[in-house]
Amino acid sequence: MDFRISADDRVGSQPGKGSKPKAEARGKGQRVEPTLGQSMPFSVADERVGSGGSGGGKPPKAPRRGKAQPARKKRSRRGGFLMGLLWWGFVACLWGGIAVIGVIVYYGAQLPSSNTWAIPDRPPNIRILAADGSLISNRGATGGEAITYRELPYYVPAAIIASEDRRFMQHFGVDPLGLISVAIESVQAGDVTRGASTITQQVAKNLFLTPDQTLGRKVQEAILAVWLEQNYTKEEILELYMNRVYFGAGATGIEAAAQTYFGISARNLSLGQAAMLAGILPAPSAYNPKSNPERAIERQRLSLNAMARDGFITPEEAAAAQIDPSQSVRTRVAGSEDYVADWVESLMTAYIGEIKDDVVVQTTIDFKMQKDAEFIVKELVASEGPKRGFSQGALVAMDVDGTVRAMVGGVDYQASQYNRAVTAKRQPGSTFKPFVYMAAMEKGYTPDTLAEDAQFEYNGWSPRNASGKYAGTVTLRQGLAYSLNTIAARLAIDVTPQAVIDVATRMGISSPLTAVPSIALGTQEVNLLELTSAYAPFANGGMGVIPNVITSISSKSGEVLYQASDAGPGRVIAPNILAEMNDMLKTAVEVGTGKGANLGGWQFAGKTGTSQSARDALFVGYTAAMVTGVWLGNDDDTKTTLSGGNVPAAIWSEFMTKAHAGKQVAQIPGGSYDGQLVAQPVIDPATGQVAIDPATGQPMTQYVDAGTGAPVQTTVDPATGQLMQLDPATGQYVPATAAQAAPQQPIQTGQMIDPATGAVVGAQIDPATGMPINNTGAMLVDANGVQIDPATGMPVGQVVQPQAIDPVTGFPLQPQSNGVGQAPIDPATGQPMILVVDPATGQQVWVPSAPAQMQPPAAIGQPVPIENERSQRTLMDLIFGDQQN
């Protein structure tokens, strides 16, 4: 009890000066009780009359009169503590607020001025479409096009809001409640349980900031989030987020994610798919259904439950959309069309330069053919690869004008994106030999020219046949059909390797080639795309092609940025040479190494190829409608047991059968100038120079009938721009092709262009030879870009040799030193004669061949007389059996 008695209250004491009694008025004889817990500034002694102390002292004096003071109450200790806590809390908040403002000001000052803030452009997307308009793929930094908020089903943004930021529609960019909730959860768990950034903050981070986890970056993120909320609507912010957030597997944005994982547009996502994509966002690498389908299913369940919790869907809808954990997640598997998409993407800069905005690319790809090609290559590699030691394949198919319809760059794009049809360069083997034979045909040889199939050595090089067998004297037709290496080697040496390169380049081979004799055997590397396109002139009547996969490129708004044209190299094979080449290449698939190929009802031709140790096996074949090339082998260049005539020919046959279904059967073009129009410059007889049209200032051109050489009266239809010719039977102008027996494009010949100026070079024409004379010294090229020797009027490097006639037999003499020549037939034996030097006169004479020289391989027995073309082929078939090089 706090009971205190002051000095003034003692009995007999004098009150202190100025003291004021504070006792309350009381009645006489009443007692004053002390108050517990308080100091008593007034007297609490009993005023007992006559009482005294134990010692019997004087009676106390009466207290001085005055006002009684009330008792002071002492504050409760607990109340004081709370008040202090509130006070110091207020002070701390005040100083904390000042500190926060200081931090915000400090880091905010490091940002650029707010009037310069703007949403950066999204990286451009390349939308690649097949010929029918179906989507092949998206390419670019994001992997998908931007999509608007209103194009999506309602549950797509709902899934993202429920999973990522449930108060997104209420907060101002930063969610204080969310921060507090995360802080409490983290304290309870002893670790950070989840992020506290809102969707707006994530947009700010993705658009403006680096991913550094620092205080300064988080402060700037919050500042930018508030700015975004002030300048954009919630829908716009959510649209920015969905189009720019990373979903894993190289997919940025909701459209790219939908295409990557499910092969559909985000516009068509189901509820379950939308929930799975939303569940990916916290950890795209760990939660995506391709890398971890089990965790993706669990994340989908959590997203659906969150949507039901927030009222976006009902619990029943959530349950129905969930994938059973025991089921597998069906995701899109990258197909062979992605090889096409990669190729198209690599061409974009060359076609339209730097891409700054979204573009749409229309391609020539036939999607059905593409999937057929993919399936066939995969199936044959899977079934035959283990037995024959190969694991990869590629295919290129195009129309005869170079329009690419299908391309398979490998058996599994998801496992390997390396394009074996475009990027890889491999030895073409014997598929290169047609260019060697074409050079020989252009020199003057024919398919019936005889050559010696026997071993020989040339400057230390000794080519061998793959079979190890040699047939002796054969025709060039047989040499190509049975892929005889010795014949191709002799021809390359005879026409010169450079002439072979010139032909190959003119036909469409663009890879660098070295002029060595072994080029005849296909030892120099090319890619499958250029090799296939180089066969197209055989199929289309002799016109060079440039392989093309892009029809047009346009902006997203429809502005055309590029449109393919029909321009090309022009004629690269004379019709008579074309006829000879097609004759030989048809023989190759009828009885030669390509006889394993078949295509019911269609005439076709082609050539097999097998590189050294069977590291590469190829077949390139064509009809009047399509050209297709097939390659098989291993990426590590290890040997196989393949040959061009087995599995490659089987793939070619199966694919081409499907590709030709429903097409009108047509024959491979022959080779005659009859009925064709040949464009020639008009020569002014007064000057011998090319005549100039006074109206246009351009060189004048006339058309002549290539079969008769007679001029043909032509005109151009002003409405269509089509060349019209006068039909002598009716006197009416008709389209030029309508009056031709074998419609083909006009042959551009005789016009010589100076490549330095692009102008037609005037040259006086010798009326006797039709060749230019008095050349001015400038380099001349014809309309096909082939350099012309001004002395001969022939392509440079092409040697024109006069044919000497044997006065005894009347047969033309041909050089025999290399085993190639047109030898007369001995009427007694039916065998070719040989050219020897008469020791008496020193002159070359034809004599019957010696029996030892004509002895065929031991496995064949006695010589078989060759009576006709079919018996020649049968003999070769007996010699070489099932050889399929």
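Some ground rules before the contacts. The model is predicted, so local features need pLDDT of at least 70 and side-chain atom pairs count only at pLDDT 80 or more, while totals for chains, interfaces and linings use all residues. Residues are numbered from 1 along each chain as its sequence is written, and side-chain values use heavy atoms, with hydrogens and water left out.

I'll start with the aromatic residues. The structure holds 13 aromatic pairs. A pair here means rings of Phe, Tyr or Trp (its six-membered ring) with centres within 6.5 Å; planes under 30 degrees apart are stacked, over 60 edge-to-face, and the rest tilted. Take Y339 and Y413: their ring centres are 5.0 Å apart and the planes stand at 85°, so this is an edge-to-face pair. Y339 sits in helix α12, residues 337–352, and Y413 in the loop between β7 (404–408) and α14 (433–443), so the contact ties together parts 74 residues apart in sequence. On helices and strands, these are DSSP runs, H or I of at least four residues for helices and E of at least two for strands, numbered from the N terminus. Both Y339 and Y413 are buried, where buried means under 20% relative accessible area, exposed means over 50%, and partly exposed is in between, with a 1.4 Å probe and protein chains only.

Next, F435 and Y535. Their ring centres are 6.1 Å apart with planes at 75°, so this pair is edge-to-face. F435 belongs to α14 and Y535 to helix α18, residues 528–540, so the pair ties together parts 100 residues apart in sequence. F435 and Y535 are both buried. They are also members of one aromatic cluster, along with F432, F538 and Y622.

The charged end of K234 sits over the ring of F168, 4.5 Å from its centre; the criterion is NZ of Lys or CZ of Arg within 6 Å of the ring centre and within 35 degrees of the ring normal. Q170 itself is in the loop between α2 (155–164) and α3 (176–189), and at 61% relative accessible area Q170 is exposed.

Now salt bridges. What is the total in this structure? The structure holds 27 of them, each a side-chain nitrogen of Lys or Arg within 4 Å of a carboxyl oxygen of Asp or Glu.

R267 and E151 meet in one, at 2.9 Å from N to O. That pair links distant parts of the chain, 116 residues apart: R267 is in the loop between α7 (254–262) and α8 (271–280), and E151 in the loop between β2 (135–140) and α2. R267 is partly exposed at 32% relative accessible area, and E151 is partly exposed at 32%.

R166 and D310 form another, at 3.2 Å from N to O. R166 lies in the loop between α2 and α3, and D310 in the loop between α10 (293–309) and α11 (315–321), so parts 144 residues apart in sequence are tied together. R166 is partly exposed at 45%, and D310 is partly exposed at 24%.

A local case is D372 with K368, at 2.9 Å from N to O. These two are four residues apart in helix α13, residues 367–388, so about one helical turn separates them. D372 counts as buried at 16% relative accessibility, whereas K368 is exposed at 57%. Salt bridges with shared partners also join R127, E145, E151, R267 and K556 into one network.

On the surface, W87, W88, F90, L94, W95 and I98 form a nonpolar patch with about 770 Å² of accessible area together. Patch residues have over 30% relative accessible area and no salt bridge; like charges are joined within 9 Å, and nonpolar side chains (Val, Leu, Ile, Met, Phe, Trp, Tyr) within 5 Å. Areas come from the Shrake-Rupley method with a 1.4 Å probe, and for residues only the protein chains shown count as cover. F90 is in helix α1, residues 77–108, and at 51% relative accessibility F90 counts as exposed.

Last, the strands. Strands β20 (residues 714–716) and β21 (residues 723–727) run antiparallel and are joined by three bridges, where pairing requires that DSSP finds at least two bridges. T714 has Q725 of β21 as its bridge partner. Four bridges join β21 to the antiparallel strand β22, residues 732–735, with L726 opposite Y733. β21 and β22 form a hairpin with four residues between them, and G731 in the turn has a positive phi of about 75°.
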